[in-house]
Amino acid sequence: MVLDMKSLCDKYSEYVRYESIGTTKENRNIYDIILGNPDAKKTLLVVCTLHAREYVATVNGMKQLEYYLENYNRKIDGVKPADIFSECNIHYVMMANPDGVTISQNSKTTWKANGNGVNLNNNFPFRFRKKGKTSNGTSTGTRALSEKETQAIAKLTKNLNKKSKLAV
């Protein structure tokens, strides 16, 4: 994914860029890929692969990004993506849980938590309740936003919400 991301950003540098928004326990980067006008007042945030075993979401997100870039200046159903992306941007967090994906791909195929055994979907502040076990990947964490992955996404969301109208 990282090689594909860098390749797309090199090839279409005038339309897309990326940056790391944080790292995981295993020191893997969590990337934000920004498509369109970075100064636009409308932003869509797409977060892929919070659950480790659902890494097909990363593949789908990357294919969508590639499609938009390949067709940026062409018409799709009578509309140019360039016209849309001059007024808005999409921030893709293509793989929010790279440590968990590594576990899922290499040893525990049904694993959905991060490297700490925390189910990231349940680690955000909304209706947070401490429960589950890290040993089987059902833990919600010691507190809301206890995990580096959810902290990075929450910080990105907060920053984007300050400067544009945000949809997630």
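Predicted model: local features only at pLDDT ≥ 70, side-chain atom pairs only at ≥ 80, totals over all residues.
Strand E4, which spans residues 89-93, is mostly covered, as five of its five residues are buried. The cover extends to both faces of E4, with Asn 89, His 91 and Val 93 buried on one side and Ile 90 and Tyr 92 buried on the other.

Strand E2 (residues 29-36) pairs with E4 in the antiparallel sense over four bridges, and within this pairing Gly 36 stands opposite Asn 89. Strand E3 (residues 42-47), by contrast, pairs with E4 in the parallel sense, over five bridges, and here Leu 44 stands opposite Ile 90.

## Salt bridges

The structure holds three salt bridges. In one of them, the side chains of Arg 28 and Asp 99 meet at 2.7 Å, N to O. This pair links distant parts of the chain, since Arg 28 lies in the loop between strand E1 (16-23) and E2 while Asp 99 belongs to helix H4 (residues 98-106), 71 residues apart. Arg 28 is partly exposed, with a relative accessible area of 31%, whereas Asp 99 is buried, with a value of 2%.

Another salt bridge joins Glu 66 and Lys 63, whose closest N and O atoms are 3.3 Å apart. Because these two residues are three residues apart in helix H2 (residues 56-70), they are separated by about one helical turn. Glu 66 counts as partly exposed at 24% relative accessibility, while Lys 63 counts as exposed at 52%. The side chains of Arg 17 and Glu 19 also meet in a salt bridge, at 3.3 Å, N to O; Arg 17 is partly exposed at 37% relative accessibility, and Glu 19 is partly exposed at 34%.

Methods: Residues numbered from 1 in each chain as written. Heavy atoms only, no water. Buried < 20%, exposed > 50% of the residue type's maximum accessible area, 1.4 Å probe, protein only. Pairing = 2+ DSSP bridges. Salt bridge = Lys/Arg side-chain N within 4 Å of Asp/Glu carboxyl O.
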